[in-house]
Amino acid sequence: MRTILITGPGGSGRTSVAAATALDAAREGTRTLVLSADRADTLGSTLGCATGAVPVEAGENLTAWRPDAAERFRDDLTAFQSRAANVLDLLGAARLDAEEVTPLPGAEELSLLRALRDAALSERYELLVVDLPPLPQALALLALPEELRRYLRRLLPPERQAARALRPVLGRLAGVPMPADWLYETAGRWDLELAAVEAVLADAGTSVRLVAEPGPAGAEAVRDATLGLALRGLRPEVLIANRVLPEAPADSWLAGPLAQQRKALDEWEGEHAVRPVAHLGRDPQGADDLAALAVPPVTPAPAPVEWPVTDRLAEDGVLVWRLPLPGAVREGLDLIRRGDELVVSAGQFHRIVPLPSALRRCTVAGAALRDGVLDVRFAPDPALWPTTGR
């Protein structure tokens with residue numbers, strides 16, 4: 001399974017690029033699904049067919065799907081009320097009817113992630129093209145499965161499942177049903193679902209394509225996105241410079257915008273694999289316009305980003321954990337060791353990362369940022385590190 005996640009600043013044309021990428025792959029004979037998170041049917045307008053909660057055939061080998069977050073949320077809440085019926089009755093809580101339920105913030109993101117999981121597990125498709133929300137919502141969405149799983153483990157750690165054995169006793173003493181069983185079962189089910197989404201996002205066949213218009217705003221968004229992706233262990237497979245203007249005479253009104261675009265393109269060429277896509281002079285609509293965009297073809301996914309641990313015990317007495325963070329600046333970096341985790345802050349982005357097993361028996365001895373790579377040095381803790389010769 002090959003999965004391509006496409007995002008970019010709002011108004012950058014990411015949906016058109018996603019549709020064109022999916023259509024190009026489908027015409028090559030690849031069974032393709034294109035997913036969109038937009039409330040408005042921008043994807044359908046671009047493809048020339050309406051899309052919605054039910055997947056539709058948008059062409060030969062091409063399926064389009066725009067999951068309905070409201071419907072999914074209503075179904076989940078109804079199921080939850082059924083499972084928690086005893087507790088709700090105990091509290092005297094009134095049930096919510098499906099018709100009065102509206103999605104809470106975050107429901108759309110969860111709905112898209114579930115659709116991605118379902119599509120990946122269906123084995124009906126060879127390629128998934130996902131039109132993610134604009135930056136920075138897309139970066140928050142990519143972080144969501146890992147963060148939610150961490151919250152679940154903190155609130156309901158697996159070790160506390162032993163408390164289930166006390167449920168019958170507590171129930172007799174209190175005279176009311178205890179919710180321990182369904183609570184842990186619900187948490188376990190959520191953790192399993194989130195783990196499946198996380199596996200799709202972390203799969204070697206999954207990559208990210210950034211879409212941005214070359215210019216000052218696009219350049220800033222690309223810098224932020226590159227750092228945010230790097231902190232999640234991702235890097236852009238390709239940077240699609242969208243709506244590149246045609247050449248024009250020096251006295252044309254296009255001279256200024258062209259100069260801005262050229263400056264941004266020159267900067268990007270030194271840091272990314274850039275693919276310019278020409279401005280059509282209109283918003284793409286229909287198969288012919290999408291084909292005219294000439295987006296990059298689907299290729300095998302690039303090698304995944306690695307965060308290796310380098311053994312320098314013999315030379316310097318330390319182990320070095322190398323974290324590629326292109327775009328990071330020393331003033332914007334912060335590291336905190338907390339138990340078996342490392343809290344990494346880079347600019348506006350944060351991530352709590354489990355330490356590799358070898359580093360859990362070490363103490364942090366320092367860190368240095370060089371050429372976009374953060375080297376964190378760990379010294380073995382004599383009380384925990386195995387010794388020889390005894």
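Residues 24 or more positions apart supply 68% of the chain's contacts with a separation of 6 or more, a contact being heavy atoms within 4.5 Å. The model is predicted: local features need pLDDT of at least 70, side-chain atom pairs count only at pLDDT 80 or more, and totals for chains, interfaces and linings use all residues. Residues are numbered from 1 along each chain as its sequence is written, and side-chain values use heavy atoms, with hydrogens and water left out.

**Overall composition**

- The chain contains 12 helices and 15 strands; helices (H or I, at least four residues) and strands (E, at least two) are DSSP runs, numbered from the N terminus.
- Among the 390 residues of the chain, 43% count as buried; buried means under 20% relative accessible area, exposed over 50%, and partly exposed in between (1.4 Å probe, protein chains only).

**Salt bridges**

- The count of salt bridges comes to 19, each being a side-chain nitrogen of Lys or Arg within 4 Å of a carboxyl oxygen of Asp or Glu.
- Glu193 and Arg114 form one of these bridges (3.2 Å, N to O), linking helix α8 (residues 180-202) with helix α5 (residues 107-122) across 79 residues.
- Of this pair, Glu193 is partly exposed at 22% relative accessibility, whereas Arg114 is buried at 15%.
- Arg114 and Glu193 also belong to a network of salt bridges that includes Arg117 and Asp118.
- Arg351 and Glu146 form another bridge, with their closest N and O atoms 2.7 Å apart; because Arg351 lies in strand β13 (residues 349-354) and Glu146 in helix α6 (residues 137-155), the pair ties together parts 205 residues apart in sequence.
- Arg351 is buried at 15% relative accessibility, and Glu146 is buried at 18%.
- Asp316 is paired with Arg312 in a salt bridge whose closest N and O atoms are 2.7 Å apart; Asp316 is partly exposed at 47% relative accessibility, and Arg312 is partly exposed at 32%.

**Charged surface patch**

- Asp266, Glu267, Glu269 and Glu271 form a negative surface patch; patches consist of residues with over 30% relative accessible area and no salt bridge, like charges being joined within 9 Å.
- Asp and Glu count as negative, and the place of a charge is taken as CG of Asp or CD of Glu.
- Asp266 is located in helix α10 (residues 255-269) and is exposed, with a relative accessible area of 58%.

Methods: Patch = residues over 30% accessible without salt bridge, like charges linked within 9 Å, V, L, I, M, F, W, Y side chains within 5 Å. Areas by Shrake-Rupley, 256 points an atom, 1.4 Å probe, with all protein chains shown as cover.
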